Amino acid sequence: MNEILKKIGRIGIVPVVVLDTPADAVPLAKALCEGGLPCAEVTFRTAAAEEAIRSITETFPDMLTGAGTVLTTEQVDRAAAAGAKFIVSPGLNPKIARYCVEKGIPVVPGCATPSEVEQAIEYGLDVVKFFPAEQAGGLAYIKAISAPYTGMRFLPTGGISAANAGSYLAFDRVLACGGSWMVKNDLIKAGDFDKITALTREAAAIVREKRG
Ligand code: 3PG
């Protein structure tokens with residue numbers, strides 16, 4: 001497995017961030033680092049993503065900052081140039097997956113069916129996002145779909161919170177969980193980075209409890 005993805009596995013939870021204002025990026029990253037999750041998937045759902053990734057990677061070069069909701073190869077280029085260490089997409093877009101593999105950029109495409117997992121295997125990938133996790137069948141579904149694909153690890157995202165993250169993390173085929181519960185947009189907008197630090201600490205404690 002790629003070293004960056006191994007590190008994500010050790011952190012255990014990937015905060016999924018939607019930033020409206022690039023100026024919020026550094027205080028948010030600081031809150032995540034102080035809370036014990038030095039990792040973020042900054043989504044390309046807003047125009048602020050590229051600049052946010054750039055300022056986080058400049059200020060916290062050791063943090064695992066990646067780009068999420070990547071839907072085009074042009075976004076892959078912009079994310080990588082800004083310093084993104086990994087790329088996440090909601091679905092398995094063959095163009096994006098191939099492009100990242102060719103460029104040696106770790107990519108985690110969303111897969112919710114066996115056919116998509118097999119497509120990911122064709123690209124030589126050993127980690128896929130399982131999205132939308134809770135809505136698509138949750139942990140029971142991951143347990144079933146992971147059985148035939150013994151080399152594949154999953155990054156469930158969608159509907160995960162402090163209430164259910166632990167049960168996902170207890171299953172060894174789950175590399176890490178993704179989620180936005182500790183970085184909710186209203187907290188970012190309100191500048192409540194102390195609350196974000198507290199929720200991140202709580203999330204990091206769940207990882208420690210389940211994984212030691
Ligand atoms: C994602 O982009 O991966 C999801 O929207 C995050 O899902 P959540 O907001 O339910 O954690």
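**Close-ups of a predicted model**

**View 1. Strands E5 and E6 run side by side.** In this predicted model, strand E5 (residues 107–111) pairs with E6 in the parallel sense, over two bridges. Look for Cys 111, which stands opposite Phe 130 in E6.

**View 2. A cis peptide bond sits between Phe 131 and Pro 132.** As a reminder, most peptide bonds are trans. The bond joining Phe 131 and Pro 132 is cis, with omega at about -10°. Pro 132 belongs to the loop between E6 and helix H7 (133–136).

**View 3. Helix H2 crosses helix H3.** Two packed helices are described by the angle between their axes and the distance between the axes. For H2 (residues 25–35) and H3 (residues 49–59), the axes come within 9 Å and cross at roughly 50°. The pair is therefore oblique, and the crossing is right-handed. Which residues make the contact? H2 brings Ala 25, Val 26 and Ala 29, while H3 brings Ala 52, Ser 55, Ile 56 and Thr 59. Sorted by type, the contact residues of H2 and H3 come out as five nonpolar, two polar and no charged.

**View 4. Helix H2 also crosses helix H11.** Here the axes of H2 and H11 (residues 193–211) come within 7 Å, crossing at roughly 35°. The crossing of H2 and H11 is right-handed. On the H2 side, the contact is made by Pro 27, Leu 28, Ala 31, Leu 32, Glu 34 and Gly 35. H11 answers with Phe 193, Ile 196, Thr 197, Thr 200, Arg 201 and Ala 204. How do the residues of this contact of H2 with H11 divide? There are seven nonpolar, three polar and two charged.

**View 5. Gly 36 sits in the loop between H2 and strand E2.** Follow the chain into the loop between H2 and E2 (39–43) to find Gly 36. Its relative accessibility is 39%, so Gly 36 counts as partly exposed. Leaving aside neighbours within four places in sequence, Gly 36 is in contact with Thr 200 and Ala 204. Thr 200 and Ala 204 also turn up in the contact of H2 with H11.

**View 6. Thr 43 and Thr 69 touch.** Thr 43 is found in strand E2, and at 0% relative accessibility it counts as buried. What does Thr 43 touch, not counting residues up to four places away in sequence? Its partners are Val 16, Val 17, Val 18, Ala 49, Gly 68 and Thr 69. Thr 69 lies in the loop between strand E3 (64–68) and helix H4 (73–82). Thr 69 has a relative accessibility of 12%, so this residue counts as buried. Check the backbone too: most residues other than glycine have a negative phi. Phi of Thr 69, though, is positive, near 50°.

Conventions:
Residues numbered from 1 in each chain as written. Predicted model: local features only at pLDDT ≥ 70, side-chain atom pairs only at ≥ 80, totals over all residues. Heavy atoms only, no water. Axes fitted to C-alpha atoms, helices over the stretch in contact; angles between N-to-C directions. Helix = DSSP H or I, 4+ residues; strand = E, 2+ residues; numbered from the N terminus. Parallel < 35°, antiparallel > 145°, perpendicular 65-115°, else oblique. Left-handed = near helix turned anticlockwise from the far one by under 90°. Contact = heavy atoms within 4.5 Å. Nonpolar A, V, L, I, M, F, W, Y, C, P; charged D, E, K, R; others polar. Pairing = 2+ DSSP bridges. Buried < 20%, exposed > 50% of the residue type's maximum accessible area, 1.4 Å probe, protein only.
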